[in-house]
Amino acid sequence: MLSIKKLRGKLGLSQQELADKIGVSRASMNWWESPECVSLTPRIQVAMCDIFKCDPIDLYGADNFRVKPHTNEERRRMIKYIESEMTDEEEG
C-alpha cells in the first residue's frame, strides 16, 4: 500500500491541496490513496517525492517495495532510473 495519505498528513495537506500542487484531480488522489492502487507513473512519483522531500522507498513504504536498495548509491540509481522513465514518458 502506498504511503501517500500518511505523508500528506505530515504536511497537513488535504487531497485537493496535494492534487492542485501536482496538477491532477482529487479523484486521482483518492485512487492513489486506496489499497487497490499499487503503483504510480514516473511523473507522479517524481512530483510526489519532490513535494514530500522523500524518495520512492518512502513513498511506497519499504515493506511494499519489490526491489529495496541497500546503499545510498543504489537509492540514487533507482531515483535516476525513475527520472529517466519520466523523461521517456513525456517524449513518447
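Me: How many disulfides does the count come to?
Reply: This is a predicted model, and in it the count of disulfides comes to zero.

Me: Okay, what is the nearest cysteine sulfur to cysteine 49, and how far away is it?
Reply: The nearest cysteine sulfur belongs to cysteine 54 and lies 4.1 Å away. Because a disulfide needs the two sulfur atoms within 2.5 Å, cysteine 49 is in no disulfide.

Me: And is cysteine 49 buried or exposed?
Reply: Cysteine 49 is buried, since its relative accessible area is 10%, and buried here means under 20%. Cysteine 37 counts as buried too, with a relative accessibility of 1%.

Me: Changing topic: how many salt bridges does a search of the whole structure find?
Reply: The search finds one salt bridge, and it is formed by arginine 8 with glutamate 33, whose closest N and O atoms are 2.5 Å apart.

Me: Which parts of the chain does that pair link?
Reply: The pair links distant parts, with arginine 8 in helix α1 and glutamate 33 in the loop between α3 and α4, 25 residues apart. Both arginine 8 and glutamate 33 are buried.

Me: What about the largest nonpolar core, which residues have the most contacts inside it?
Reply: That core has 19 residues, and those with the most contacts inside it are Ile4, Met29, Trp32, Leu40, Met48 and Leu59.

Me: Which elements give two or more residues to this core?
Reply: Those elements are α1, α2, α3, α4 and α5, and the largest share, five residues, comes from α4.

Notes. Residues are numbered from 1 along each chain as its sequence is written. This is a predicted model: local features need pLDDT of at least 70, side-chain atom pairs count only at pLDDT 80 or more; totals for chains, interfaces and linings use all residues. Side-chain values use heavy atoms; hydrogens and water are left out. A salt bridge is a side-chain nitrogen of Lys or Arg within 4 Å of a carboxyl oxygen of Asp or Glu. Helices (H or I, at least four residues) and strands (E, at least two) are DSSP runs, numbered from the N terminus. Buried means under 20% relative accessible area, exposed over 50%, partly exposed in between (1.4 Å probe, protein chains only). A nonpolar core is a set of buried Ala, Val, Leu, Ile, Met, Phe, Trp, Tyr and Cys residues joined through side-chain atoms within 4.5 Å.
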